[in-house]
Number of protein chains: 2
Amino acid sequence: MIIRRRSKSIKVGTATIGGDAPIVVQSMTKTDTRDIRATINQIKEIADCGCEIVRVAVPDSEAARAITTIKENTSIPIIADIHFDYRLALEALKSGADGLRLNPGNINDPEQIAKVVLAARERQAPIRIGINAGSLPPPSKPCASISEHMVNAALEQIELLESLDFDLIKVSLKAFDVPTTIEAYRVIVSKTSYPLHLGITEAGLFRTGAVRSAVGIGILLYEGIGDTIRVSLSAHPREEVTTAYEILKSLDLRQHGPILISCPSCGRAEVDIISLAESVDANLKEISKPIKVAVMGCIVNGPGEAKDADVGIACGKGKGAIFRKGKVVRTVAKKDFLDALMAEVKNFLT
Amino acid sequence: MIIRRRSKSIKVGTATIGGDAPIVVQSMTKTDTRDIRATINQIKEIADCGCEIVRVAVPDSEAARAITTIKENTSIPIIADIHFDYRLALEALKSGADGLRLNPGNINDPEQIAKVVLAARERQAPIRIGINAGSLPPPSKPCASISEHMVNAALEQIELLESLDFDLIKVSLKAFDVPTTIEAYRVIVSKTSYPLHLGITEAGLFRTGAVRSAVGIGILLYEGIGDTIRVSLSAHPREEVTTAYEILKSLDLRQHGPILISCPSCGRAEVDIISLAESVDANLKEISKPIKVAVMGCIVNGPGEAKDADVGIACGKGKGAIFRKGKVVRTVAKKDFLDALMAEVKNFLT
């Protein structure tokens with residue numbers, strides 16, 4: 001049982017982060033924000049996959065102004081990602097951004113930050129203090145490690161924001177190195193109760209980055225740390241969203257559509273389990289309700305091994321057993337494996 | 001820093017598991033073991049990817065006998081996966097199997113097990129007690145949870161093997177449910193010092209199963225638990241091996257070829273970072289030495305953000321900066337991005 005850390009609850013537009021709220025899945029668009037149509041389309045696409053908050057890059061005034069139209073045409077809260085120039089934060093807020101991400105590594109003039117905080121407070125827009133191991137502000141005191149430097153940078157920024165009477169704060173402490181990231185989050189939880197945004201930065205392409213992110217984010221979530229997650233992949237943001245849900249589902253922290261249990265196959269299997277599992281997976285994409293479906297390669301072992309599943313098939317030579325909660329309900333011929341299993345899935349859901 | 005649990009060290013053929021040995025990567029063939037040529041080819045293929053031990057299914061005598069020829073033509077230790085019929089274990093040992101996997105859920109007659117143990121001891125072949133949440137023996141005493149039932153089943157089998165003066169034991173406690181799996185391993189470490197084989201069973205297709213396995217195996221490894229891992233995917237075993245290494249690399253537990261650090265790209269990027277990262281990744285497949293290579297989308301931020309990398313490129317409009325350990329060494333035109341980076345990689349490695 002995971003016991004979640006008690007964090008302060010904040011609202012980012014319509015989304016609640018922290019407190020008792022479910023862990024929120026977020027992503028970031030990869031389109032040029034100034035290309036309003038492309039950005040709207042990408043946001044709609046990932047919202048359809050379950051993305052609950054989206055961040056957009058704001059490299060200039062035109063991008064900041066684009067947020068107005070983007071918000072009018074999309075439904076999930078939008079965070080403006082600001083670097084270097086605090087005035088872009090002011091413009092993004094004016095355009096209706098639901099929140100900001102600031103990096104203390106590249107905007108650290110207290111007067112500039114005060115102007116941003118004033119505008120954010122007026123609009124009740126939260127600010128994420130987005131620490132990145134690779135772009136830290138100079139250390140204000142000696143640090144024994146990068147993770148300590150990251151934590152100190154976050155705490156100093158928290159102090160500054162609090163001194164400006166602002167507490168709509170979210171914190172992230174990202175590094176490419178997984179142990180460094182974990183260490184930083186583990187330390188900060190004893191020092192603040194603001195909600196935490198988790199991520200492994202620059203994790204790479206899907207095949208490697210999803211694994212790296214799952215290890216880092218998974219370890220923290222299992223320790224009860226984290227209120228919102230963003231998987232960073234050099235891939236379409238859809239992949240970030242589906243990977244985020246896989247991480248959360250694996251720890252029973254969120255439900256999100258079907259779960260496919262499938263055996264790895266071995267020299268014992270008498271049918272091509274991998275192809276069958278792929279076909280079942282493709283068919284399950286049409287289903288949005290949570291259901292556990294199993295595809296197993298042993299007709300004797302299968303139903304028992306997958307008794308966790310709501311519905312499943314255990315395949316033997318030429319025939320398969322359709323089962324529900326570990327009990328065989330029907331035997332079907334090989335040509336009917338896929339159809340019979342999908343019929344049972346639909347049957348189970350109605 | 002991960003402090004590994006002290007475990008007993010055992011030898012599986014030429015591989016050492018437990019003690020101070022690096023965490024061993026293993027997989028399982030998906031060919032029909034009786035198809036000797038296909039099985040040999042698959043073993044060679046995954047050994048080339050870094051697989052250090054391979055398991056083969058032994059559903060009948062012909063499969064058990066096939067092990068002789070398979071061993072003659074391959075170089076990594078071979079474990080025979082035995083279910084239901086203890087005589088197949090005897091035949092597999094006679095054919096030269098380097099170790100056995102027995103499932104107490106389907107072979108539990110003490111006299112049969114004694115015969116297997118006698119033969120294994122003669123050959124100094126270890127036995128993995130492979131507990132699976134879905135095929136447990138009946139509980140010998142009331143259990144409060146599945147994980148407790150799993151642990152008890154393993155401990156009873158350990159006791160039986162020890163009573164037969166056998167201690168070449170390895171234990172696994174696999175479930176599809178990640179929290180159940182973690183709980184079982186966390187409990188058994190206080191009760192035994194035998195080396196542990198980690199895995200999440202029936203984890204599914206690559207895209208979901210790799211994430212689920214990374215979360216479960218990653219959490220345990222981070223706690224110092226685990227001496228060998230097998231990622232179970234409904235996919236080619238090559239994917240199991242590469243995923244296993246990604247998990248180990250993300251926690252700095254093993255080195256294995258290059259690591260690609262790449263930014264997820266965003267509306268700030270002025271080149272197609274995802275395509276470039278994919279091309280770099282494809283080129284890095286030819287390199288077996290460990291090197292960290294970064295592909296970044298900001299020419300200003302990139303070199304600093306990726307100063308962990310040995311070599312990298314930070315891309316701006318029409319030009320990119322090649323850097324080493326965070327320091328820019330050269331600026332190149334867009335058409336030369338890939339070649340210049342790969343040249344710097346080769347340069348770094350010589």
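These legends walk through a few views of a predicted model with chains A and B. Local features need pLDDT of at least 70, side-chain atom pairs count only at pLDDT 80 or more, and totals for chains, interfaces and linings use all residues. Residues are numbered from 1 along each chain as its sequence is written, chains are lettered from A in the order in which they are written, and side-chain values use heavy atoms, with hydrogens and water left out.

**View 1. Chain A on its own.**
Chain A holds 11 helices and 15 strands (DSSP runs numbered from the N terminus: H or I of at least four residues for helices, E of at least two for strands). Its C-alpha trace spans about 75 × 45 × 30 Å along the principal axes. Of the 350 residues in chain A, 61% are buried (under 20% relative accessible area; exposed is over 50% and partly exposed is in between, with a 1.4 Å probe and protein chains only). Take the contacts in chain A with a separation of 6 or more: 62% of them link residues 24 or more positions apart (contact means heavy atoms within 4.5 Å).

**View 2. Two copies around an axis.**
Rotate chain B by 180 degrees, with 0.0 Å of shift along the axis, and it superposes on chain A with an RMSD of 0.0 Å (least squares on the C-alpha atoms of residues with pLDDT of at least 70 in both). The two copies are therefore related as by a two-fold rotation axis. They also use the same surface, since 100% of the contact residues of chain B recur in chain A.

**View 3. Where chain B meets chain A.**
Each chain brings 77 residues to the contact. About 6000 Å² is buried between them, and carbon and sulfur atoms give 59% of that (buried area is the accessible area, 1.4 Å probe, that two parts lose on being put together, summed over both). Glu202(B), Tyr222(B) and Arg268(B) supply 12% of the area that chain B buries here, more than any other three residues.

Zoom in on Glu239(A) and Arg207(B), whose side chains meet in a salt bridge at 2.1 Å, N to O. The interface has 2 salt bridges by the rule (a side-chain nitrogen of Lys or Arg within 4 Å of a carboxyl oxygen of Asp or Glu). There are also 22 residue pairs in polar contact, both at pLDDT 80 or more (N or O atoms within 3.5 Å; within protein, one must be able to donate a hydrogen and the other to accept it, and residues adjacent in sequence count only if both atoms are side-chain atoms). On the chain B side, α7(B) gives the most, with 11 residues.

**View 4. Thr74(A) in its loop.**
Thr74(A) sits in the loop between α2 (61-72) and β5 (78-82). Thr74(A) counts as buried because its relative accessibility is 15%. A polar atom of its side chain lies 2.7 Å from the backbone oxygen of Ile70(A). Not counting residues up to four places away in sequence, Thr74(A) touches Ile40(A), Ile43(A) and Lys44(A).

**View 5. Glu52(A) and its surroundings.**
Find Glu52(A) in the loop between α1 (36-48) and β4 (53-57). Glu52(A) is partly exposed, at 24% relative accessibility. Its side chain has a polar atom 2.8 Å from the backbone nitrogen of Val25(A). Beyond four places in sequence, its contacts include Ala15(A), Ile76(A), Tyr245(A) and Arg254(A).
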